[in-house]
Amino acid sequence: MTAVATDETRKLSRGFGWLAALGVVLVLAGLVGLVYTGVATLTSMLLFGWLLLVGGAVGLLHAVQARGSSFFWLGVVVAALNIAAGVVILSEPEAAAEALTMFAALLFLTGGVFRLVGSLVVRGPQFGWTLVQGAFGLLLGVLVLMSWPSDSKYVIGTFFSLALLFDGLGLVATGYGGRRIVSMTSGTMASDTTGSGTTTSGTTKPVQPE
């Protein structure tokens, strides 16, 4: 194996290592968020508010730069709405959490109803799985609505922490698997190179008769 290939392999392996390390950080953050769901809810609301605020400012800047186009006013309106929503969420994170919890419950309810009705009408090959998904979404939406708005301090934080946890586990699996593949590939290449070198050195030049 050449020195260039070795350096590339090390860089690739190091990159997968950093990916796995980021996954571990996300897993730890998700576990901490599941323990302190109230803090996770407040953190997610503040993060969401700042994302809307920054996104609205960037969108407004792009709209001003493209003020000669036909989409100028649409860009201005969308950017203004994002900025206004970001300001409201940052100023009233608890009220924003209540509104998002209600929105999530309605999404669970409507999604569950559509899945139930669709599975009963179509009765496709995934009938049982779709039926279970619909029933679970409907039940989850009902449970959230029954304890709303007191559960708004925990629902968003729980979902946010679970998302961090599963994303982190996915990154850890990707990084670990990638490092193993790189290690196996580099080992195979090294053995092939050694074998070809041995074969080349072992061959003898035939003697020409005089």
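Reader: How many aromatic pairs does a search of the whole structure find?

Author: Rings of Phe, Tyr and Trp (its six-membered ring) pair if their centres lie within 6.5 Å; planes under 30 degrees apart count as stacked, over 60 as edge-to-face and the rest as tilted. In this structure the search finds 1 aromatic pair. Phe 108 and Phe 159 form this edge-to-face pair, with 5.6 Å centre to centre and 75 degrees between the planes. Because Phe 108 lies in helix H4 and Phe 159 in helix H6 (residues 152–202), the pair ties together parts that are 51 residues apart in sequence. Please note that this is a predicted model, in which local features need pLDDT of at least 70 and side-chain atom pairs pLDDT 80 or more, while totals for chains, interfaces and linings use all residues. Residues are numbered from 1 along each chain as its sequence is written, and side-chain values use heavy atoms, with hydrogens and water left out.

Reader: How are two packed helices described?

Author: They are described by the angle between their axes and the distance between the axes. Helices (H or I, at least four residues) and strands (E, at least two) are DSSP runs, numbered from the N terminus. Axes are lines fitted to C-alpha atoms, for helices over the stretch in contact, and angles run from 0 to 180 degrees between N-to-C directions. Here helix H2 (residues 37–65) and helix H4 (residues 93–122) pack at about 95 degrees, with their axes 10 Å apart. H2 and H4 are therefore roughly perpendicular (under 35 degrees is roughly parallel, over 145 roughly antiparallel, 65 to 115 roughly perpendicular and the rest oblique). The contact (heavy atoms within 4.5 Å) involves Thr 41, Leu 42, Met 45 and Phe 48 of H2, and Pro 93, Ala 96, Ala 97 and Leu 100 of H4.

Reader: Is Thr 41 buried or exposed?

Author: Buried means under 20% relative accessible area, exposed over 50%, and partly exposed in between (1.4 Å probe, protein chains only). With a relative accessible area of 4%, Thr 41 is buried. The side chain of Thr 41 reaches the backbone oxygen of Lys 153 at 2.8 Å. Leaving out residues up to four places away in sequence, Thr 41 touches several residues, including Ala 97, Tyr 154 and Ile 156.

Reader: Which residues is Gly 30 in contact with, leaving aside its neighbours within four places in sequence?

Author: Gly 30, found in helix H1 (residues 3–35), is in contact with Ser 161, Leu 164 and Leu 165, those neighbours aside. Gly 30 counts as buried, at 0% relative accessibility.

Technical notes
Polar contact = N/O pair within 3.5 Å; in protein donor to acceptor, adjacent residues only side chain to side chain.
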